[in-house]
Amino acid sequence: MAFFLETLLGGLMAGMLYSLVALGFVLIFKASGVFNFAQGAMVLFAALAMARFSEWIPQWTGIENKVLGDVAAFVIAALIMFAVAWLIERLVLRHLVNQEGATLLMATIGITYFMEGLGQSLFGSSIYKIDIGMPKDPIFVLESTFQGGVLINKEDLYAALIAATLVALLSLFFQKTATGRALRAVADDHQAAQSIGIALSRIWVIVWCVAGVVALVAGMIWGSKLGVQFSLSTVALRALPVVILGGLTSVPGAIIGGLIIGVGEKLSEVYLGPYVGGGIEIWFAYVLALGFLLIRPQGLFGEKIIDRV
Amino acid sequence: MLYRENGQFKTTYRADQQIFPILQDRVVVLLFVAFAIVAVPMLASDYLLRAILIPFVIISLAALGVNILVGYCGQISLGSGAFMAVGAYGAYNVIARIPGMPLIPALLLGGFFAMLFGMFFGLPSLRVKGLYLAVATLAAQFFADWMFLRIKWFTLDNSSDSAAVSNLQVFGYALESDASKYLFCLAFLIVIALAAKNLVRGAIGREWMAIRDMDVAAAVIGIRPMYAKLSAFAVSSFIIGVAGALWGFFYLGAWEPAAFSVDQSFRLLFMVIIGGLGSIMGSFFGAAFIVVLPIALSQALPAIAGLFGVQISTSALSHAELMVFGALIVWFLIVEPHGLARLWSIGKEKLRRWPFPH
Amino acid sequence: MKTRQLSLVLAMLAASASLLVHTGAAAQAKEQFIPVLSYRTGPYAPNGIPIANGIVDYYKLVNARGGINGVKIAFEECETGYDTARSVECYERLKGKNGGASVVQPWSTGATFAITEKAAVDKIPIVTLGYGRSESADGTVFKWNFPLAGNYWVAADALVQAIGQKEGGLAKLKGKKIALVYHDSPFGKESIPLLDERSAQQGFELLKLPVTAPGVEQKATWLQVRQARPDYVILWGFGVMNSTALKEAQATGYPREKMYGVWWSGAEPDVKDVGEGAKGYNSVTLQNSTDYNAKVVKDMLAMVYDKGQGTGNREEVGQVLYLRGAMGSMLTVEGIRAAQERFGKGKVMTGEQIRWGLENLNLTQAKLDALGFAGVLRPISTSCADHMGAYWARIHTWDGKAWKFTTDWLQADEQIIKPMVKAAAAKYATEKKLTPRTPAECQS
């Protein structure tokens with residue numbers, strides 16, 4: 001029983017980490033109808049920026065205070081992501097207004113390649129450290145009820161809290177502010193939004209900036225867990241089932257989807273895995289998402305797809 | 001002036017319904033195919049054949065398969081790598097387990113197994129659409145990755161869990177030289193491309209395109225969505241499976257499941273989108289772009305740097321390749337969002353009128 | 001619109017023209033060409049960069065010392081990104097250059113499988129230090145493969161023996177539980193045949209836990225480890241999987257002292273960013289650990305880095321993977337030297353001649369010391385039947401800041417390994433319809 005709880009909690013927290021990455025996808029799709037294939041590359045780029053600057057700032061400016069250095073690195077990385085967002089809008093999206101989904105997807109793929117090359121040439125290909133003071137050792141709870149206690153990973157717990165806060169903030173942003181409404185209008189129909197006077201370019205820059213900051217937070221947390229290097233961009237592949245399970249246009253869906261996928265993955269690997277030789281996590285997550293999609297083809301919280309004939 | 005169809009009157013339906021009704025088209029295409037069959041093996045260096053042309057031919061066959069599914073039927077699929085893997089492992093098992101099995105039936109059987117696999121994993125398309133389907137097909141991809149690693153039966157329980165083929169021969173003629181391998185793969189490409197072109201021009205192709213454009217309306221006028229979608233998956237995965245078997249047998253020689261990873265699936269989708277969705281020619285352009293361009297870049301960039309007297313390290317070169325590649329993709333899409341095939345047809349249109357403006 | 005189309009046409013012309021561009025220097029008459037397949041980008045770059053630097057720096061050192069009896073080495077790097085298809089393309093592109101490649105090191109198990117088939121036809125020997133197929137140690141079947149200095153079964157056996165030593169004798173392993181956390185790929189699965197054999201002989205339970213590549217998410221694996229509570233964990237990964245495994249071990253509270261890694265899981269990139277969290281983690285070595293005092297390191301700094309010719313950072317010279325790359329180069333160069341002894345000193349050797357040289361390596365401790373590898377390597381001597389040349393390994397442990405040897409030399413049990421190699425090689429030979437070479441054929 002204790003082990004089941006451990007696996008369950010571990011799965012829930014892993015799911016929160018996935019939803020951090022999934023949020024970036026959802027944000028951009030919700031606000032511009034573009035499936036941002038480059039989200040993984042953005043997570044990596046942002047994490048690399050933060051990792052390298054947290055090394056370079058003490059070297060260049062002599063600031064010894066670690067917290068100050070880390071905060072400065074975070075801020076600089078966020079500014080870099082803003083610049084990236086502005087450049088993407090200016091150079092890519094502006095010229096592809098109102099094109100089909102496949103064309104925009106392909107454009108984000110081009111951006112992916114570009115950012116991977118740029119990130120590695122600017123910041124290097126080695127493995128870099130992000131140390132934001134996350135505790136690495138586990139805590140054991142309920143030691144009285146269960147022998148040995150139930151293991152909880154402190155780092156994952158903090159990460160889950162950060163993710164939850166971020167989601168709450170973003171939900172508020174989309175629902176309550178004028179910019180949020182404008183973003184949802186743009187997602188519905190670019191031309192219609194333009195015709196009622198919403199400045200598309202400004203909206204897109206805002207959305208990609210927000211997605212960039214989300215990528216930075218995700219990169220920071222995953223980077224602190226894994227170390228910052230190229231494989232970080234593969235985390236995006238793990239987050240895709242979360243995106244489609246929750247619905248491409250739903251921020252709370254990213255969280256719920258994340259929790260379901262996280263738990264499903266871990267429970268399947270631990271309890272089903274040994275019967276088939278193990279290693280089933282990844283495809284099980286996709287099959288689970290597929291199963292949910294068969295019941296609700298637009299994801300759990302996604303907008304119903306309306307076909308006009 | 002050169003490309004006018006004046007004076008070319010058709011007197012039979014058969015003549016009117018040819019793939020290339022205009023004489024100039026027929027001539028150019030036949031010349032090109034003859035060049036590819038006769039001149040290229042004689043003129044091309046071994047390296048060009050082995051490292052550029054053979055992969056290009058095989059991958060354009062795979063891109064053709066993907067285009068049928070994604071471009072003509074509108075079902076975005078990211079499981080192409082898995083279909084290639086099933087084709088490759090299927091053909092390998094057939095050749096290794098059945099002594100004396102000839103090569104061509106083995107390759108076709110590999111395609112057949114890929115077809116069954118594709119139809120099974122295409123079933124969700126009956127309920128799920130668009131990007132959701134794309135991500136759902138990744139389930140096929142990762143499942144195949146796992147299946148070929150875990151189930152030792154597929155690699156004949158051999159010592160290294162990888163598959164390898166050698167001593168390939170067709171009709172008693174050993175396929176040892178690069179030119180013979182190239183011609184063999186080219187033969188498959190020509191036959192299958194011709195069959196595919198005729199399929200998409202026929203009733204089933206029109207059904208696919210109707211489903212792509214508006215599947216509810218298609219169902220209303222009597223096109224059975226299940227039949228159309230599953231047949232698209234079937235034909236597409238058969239072609240991709242055959243391509244996968246060719247890839248494993250003739251390009252890699254020995255492979256492990258990582259050779260057919262999700263990167264391969266993404267590459268095939270990119271080829272189809274950038275080449276032009278819903279166009280057979282587009283598959284070739286896209287394959288050329290994605291297969292040949294990185295190699296060309298890795299040759300050209302050091303040469304250009306050499307002109308400026310700069311020595312680049314291999315890692316900087318690799319990064320520069322990625323950046324130029326990504327920038328080129330974006331640039332092509334801005335110039336022509338419908339892909340390279342559209343550029344090609346615009347070119348032909350202009351040529352029809354040339355030298356007159358309209 | 002017109003400028004757009006014009007630039008488009010120009011771009012396409014430029015792209016097609018670039019295909020015809022030939023790069024690379026013209027063939028020098030008295031230079032031995034060696035292609036270097038490396039991965040300086042991509043997911044395995046942190047491990048690939050020091051290896052590549054070690055390889056290239058050693059060739060530069062040899063050239064600085066005057067070459068191999070006067071024959072200088074011409075080398076060219078090609079970026080593979082650890083991808084099999086790109087490795088094959090690099091191999092095809094470089095094998096005919098500059099008079100022909102003399103020897104190739106793929107540095108990736110997947111690429112080794114693909115290139116093995118081709119190299120036998122092209123007559124280029126493949127040197128695979130501590131990776132590739134374990135059964136390629138049998139030279140009568142694998143004429144062109146040389147897994148010098150050790151293969152995966154030597155590593156696995158050394159690990160079992162080290163664990164046995166820790167317990168107080170191999171007999172004490174009976175009834176114990178050892179978990180194998182491995183990279184789910186042919187590389188990762190290489191250890192299983194030997195570990196199964198040892199598990200049967202010694203009576204310990206082997207729990208196999210695969211980790212899907214690239215191994216960024218291992219929570220489920222380590223929860224299973226926590227539940228099973230094995231006495232020891234053997235880590236068999238590469239790249240980010242290693243540091244992630246160590247971090248998850250820390251997060252689930254599994255003592256790192258009980259973890260033993262293969263030589264691809266025991267180098268600086270795997271533990272540096274875990275730091276103190278990996279303290280106590282042990283790994284088997286492909287004979288070498290970090291050694292900043294070895295004579296070859298000093299020579300490298302003096303003759304290559306001080307002259308500004310160094311490929312990477314100075315601090316890297318002497319680290320585990322750097323030295324491994326240098327060892328690979330050294331063994332290749334000694335193979336060429338041995339070939340020159342027979343076929344003509346001071347001449348450029350062909351692939352076939354170098355193959356003979358690699359098959360007749362006799363590196364005594366005296367020779368190794370002269371080359372500067374005292375304390376790094378033990379004597380290696382190959383023969384027709386044995387393309388591996390050595391069965392020795394040591395264990396080193398990370399103390400939070402550096403790797404230090406914690407055992408003496410361990411000799412992998414040839415009684416177990418040799419029959420397994422022979423059986424697996426025989427199986428390969430029947431699959432491929434090859435006839436193993438007879439002793440008479442070995443003489444050529």
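**Exercise 1. Describe the side of chain B that touches chain C.**

Step 1. Count the residues: 31 residues of chain B are in contact with 39 residues of chain C, two residues being in contact if their C-beta atoms, placed from the backbone, lie within 7 Å. The model is predicted: local features need pLDDT of at least 70 and side-chain atom pairs count only at pLDDT 80 or more, while totals for chains, interfaces and linings use all residues. Residues are numbered from 1 along each chain as its sequence is written, and chains are lettered from A and ligands numbered from 1 in the order in which they are written.

Step 2. Assign elements. At least two residues each come from α3 (46–72), β4 (254–255), α12 (280–307) and α13 (314–335) of chain B. Helices (H or I, at least four residues) and strands (E, at least two) are DSSP runs, numbered from the N terminus. The most is given by α12(B), with 7 residues.

Step 3. Sort by class: 17 are nonpolar, 11 polar and 3 charged. Ala, Val, Leu, Ile, Met, Phe, Trp, Tyr, Cys and Pro count as nonpolar, Asp, Glu, Lys and Arg as charged, and the others, Gly among them, as polar.

**Exercise 2. Do likewise for the side of chain A that touches chain B.**

Step 1. Chain A brings 43 residues to the contact and chain B brings 37 residues.

Step 2. Two or more residues each are given by α4 (101–123), α9 (235–246) and α11 (281–295) of chain A. With 15 residues, α4(A) gives the most.

Step 3. The classes on this side of chain A are 29 nonpolar, 12 polar and 2 charged residues.

**Exercise 3. Determine how α8 and α10 of chain B pack.**

Step 1. Helix α8 (residues 203–213) and helix α10 (residues 225–252) of chain B pack at about 105°, with axes 10 Å apart. Axes are lines fitted to C-alpha atoms, for helices over the stretch in contact, and angles run from 0 to 180 degrees between N-to-C directions.

Step 2. α8(B) and α10(B) are therefore roughly perpendicular to each other, the term for angles of 65 to 115 degrees.

Step 3. From α8(B), B:Ile204, B:Glu207, B:Trp208 and B:Ile211 make the contact, and from α10(B), B:Pro225, B:Ala228, B:Lys229, B:Ser231 and B:Ala232. This contact has 6 nonpolar, 1 polar and 2 charged residues.

**Exercise 4. Locate the domains of chain C and their contact.**

Step 1. Domain 1 covers 29–150 + 291–381 + 424–442, and domain 2 covers 152–285 + 393–412; the bounds come from an automatic or database domain assignment.

Step 2. Taken over C-alpha atoms, the centres of the two domains of chain C are separated by 27 Å.

Step 3. In chain C, 12 residues of domain 1 are in contact with 18 residues of domain 2.

Methods. Angles under 35 degrees count as roughly parallel, over 145 as roughly antiparallel, 65 to 115 as roughly perpendicular and the rest as oblique.
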